[in-house]
Each structure stands twice: as structure tokens, then as C-alpha cells.
Amino acid sequence: MMHEASLAPDPLQSRAAIAVRSMQGHEHARWDAFVDTCPEATFFHRAGWQTIMQQGFNHDSYFLYAEQHGRIAGVLPLAHVRSRLFGSALVSLPFCVYGGMAGGSAAVRLALDDAALALARRLGVGHLEYRWREVDENPASPWLQKTLYATFRRPLLPDAEQNLLAIPRKQRAVVRKAMAGGLHSAVDYDLHHFYPIYAASVHRLGTPVFARRHFAMLRTVFGDACQILTVYHGQQAQASVLLFYFRDEVLPYYGGGSVLARSTGANDFMYWEAMRRACAHGYRLFDFGRSKLGTGAYDFKKNWGFTPQPLPYAYQLVRARALPEVNPLNPKYALFIRAWRRLPLPLANLLGPHIVRQLG
């Protein structure tokens, strides 16, 4: 009698039919067709990020896909971040909150993983990094993990009033007060209001800002899937956010408020308006994005009734002996943050893009 185990597919035979290739310029539509239907894929797996990495940040990118039976079976977007300050890393994907592999069987994931590790060794990077949104059920290699970030995602209810009532009472009162204060929102079609507000906001946090052209490129590459929403009091812009749309999800990604925004509730109203407008257009999930554990942004999102979901980012050392601690919570950067806040804003806006591109 044939044992049941002998009926299982031979992993070596399964892998023999898998070819790992690097996405070419003419294959963007094919790549995105897979991403659009892959349950594990995110907005940050879209092919357009290759353009952002290469043209926006001058980072070499390697958008790997596994092909099986003539079809894409799994994808792994990677970019090589080279920094004199922070070392060298192969990351999926820099400047993005999610990444890693999307789709594929265990054999497909193993093939992509092998290709990524071989690439990391060839490039001589310090480490390889996958920004998983969820724990990989089939880890192919011994990975290190750090619990630094959590993401906040919640379904949207069909009705705007239901979504408002789902916000905890204290936070809901702040939103209602902002409504009563005469704030209103509008979709902007340029960076005229967004960039000055965002740049000043991150400067107050002691964080280098992206170049204005980064946001212009996002708008160009992703088109209608990238939108700017600005909150006004009369004609005065007080808060602004750049949003990504993917399938049935909305992701407010880069946001900031003026000095007045705290007293008027413009930041709170901005996120409510993003939620309300998304609901009205049929979107079903609100992704509040990631925040570092123990920060004000983390607490702010919890106050909206969102449950933090730890992000299981995974790392494999290649040449490095330890993982770099490149984040604002590292005490060694405290002096830099204080000094950056004191820089005149025009100077910070000039220097910021040269530093931030090395962070990833």
C-alpha cells in the first residue's frame, strides 16, 4: 500500500518549474495586474515604486517576481539603500510601511527568498529587510525581528454617522468641536498648501523633510490613486494630508498641520474628512498607517479606537554584525533632533532631502 506521505508534491520538482526574474520597464502593467488581485499585496507592492526608488531617490531597485507556468506567482520589490551615515541595506521597501513577498506557494517564496539573499550577498549589504504587514507563515530562513512599529487598520462602516459614532466619545467630541468651528475640507490638485504645512510640521518634530519633487512624483506616478486633502478655516489652510487609495482601502500617508491646527482641531478634522470621504466613495478599510510604539502618534491613533497590530519586520544580517538602530527613539539621535528643530526652516528644507534619502 502506498503511504499517504508519498502523494505529497516533491518540493524540488515544484521549484524546478519556478523562474525568478527582475521586472523590466515594459512589465509594469503585468506586475500590477498580479498585485491588484493578490490578497497579501499592498499599495507598496505596486510597480510604480520602482520609478520612485530609481528616479526619486537614485536607489537601485530590483523588483523580483517568480514565474510559474508562464504566469507571475509571487513578487518581491527590493531597493538598495546606500548611506555613508547609516550603512547599506537591501530593503522591501524603503520609505514604505509594508513590503516583503506577496503571493506564492512555499516553494515560490523560497525561490524569491533565495534570490534576494543571493542579491544581498552580491551587493555586499549590511542586512536584508522585509517589511511584512503580517507574520510570514513559511519563513524560509532564520530571520531576526524587532518590535518597533505597529499599524492601525479598521473596516469602514457603510454610513458616515456610524463611522463617527465608532470613534470613542472623547475623540469624537474633538471632531464635533472642529466641525462646529467652521472647518471644511477640499481636494487640492497641487502642492501649494500641502508642502509648506507638511515641511513645517516635520521640522517641529526634528525630522528631515522629503524634497517637494518627491510628492510631485508620487502624484504623477500613481495618478488618481494619490490625492491631497486640505483642511481650511475660511481661506486659511491649517492641515493637509496626502492619501493613497488601493483596492477598497484608503491610506492617509503624509500629513501635517499648522501651529493653529492643535487649537482648532484641524488635524483631527482632517482624518475624519479622509474617513468620511472614503466611505462616501465606497472604500471599506481605513489604514491609519504605522507608528512607533510609545510615541504620541501611537497614542493618537489608539484614541480613535484603532487596535494596534505589531508589524513583524524581518531582518537577515549579511555583512553587518548587528542591526542598526536608525530611528528617532534611539538616544544617540536626541542631540541631532534638538539641533534640527533649531535650524531655520528654509535651511532645513534645503538640507533635509539629502539626509532623508539615506534613511529609507
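Student: How many residues does the largest nonpolar core have, and which have the most contacts inside it?
Tutor: The largest nonpolar core of this predicted model has 52 residues, and F44, W49, F194, F215, L218, F244 and Y254 have the most contacts inside it. A nonpolar core is a set of buried Ala, Val, Leu, Ile, Met, Phe, Trp, Tyr and Cys residues joined through side-chain atoms within 4.5 Å. Buried means under 20% relative accessible area, with exposed over 50% and partly exposed in between (1.4 Å probe, protein chains only).

Student: Which element gives the largest share of this core?
Tutor: Helix α7, with five residues. Helices (H or I, at least four residues) and strands (E, at least two) are DSSP runs, numbered from the N terminus.

Student: And what does Y254 touch?
Tutor: Leaving out residues up to four places away in sequence, Y254 touches F95, F194, Y198, F210, H214, F215, L218, S240, V241 and L242. Contact means heavy atoms within 4.5 Å.

Student: Which residues of α8 are buried?
Tutor: In α8, residues 212-222, the buried ones are H214, F215, M217, L218, R219 and F222. They pack against α3, β8, α7, β9, β10 and β11.

Student: What follows α8?
Tutor: G223, with a positive phi near 55°.

Student: New topic: is K146 buried or exposed?
Tutor: K146 counts as buried because its relative accessibility is 19%. K146 sits in the loop between β6 (144-145) and β7 (149-155).

Student: What are the ground rules for the values?
Tutor: Residues are numbered from 1 along each chain as its sequence is written, and side-chain values use heavy atoms, without hydrogens and water. As the model is predicted, local features need pLDDT of at least 70 and side-chain atom pairs count only at pLDDT 80 or more, while totals for chains, interfaces and linings use all residues.
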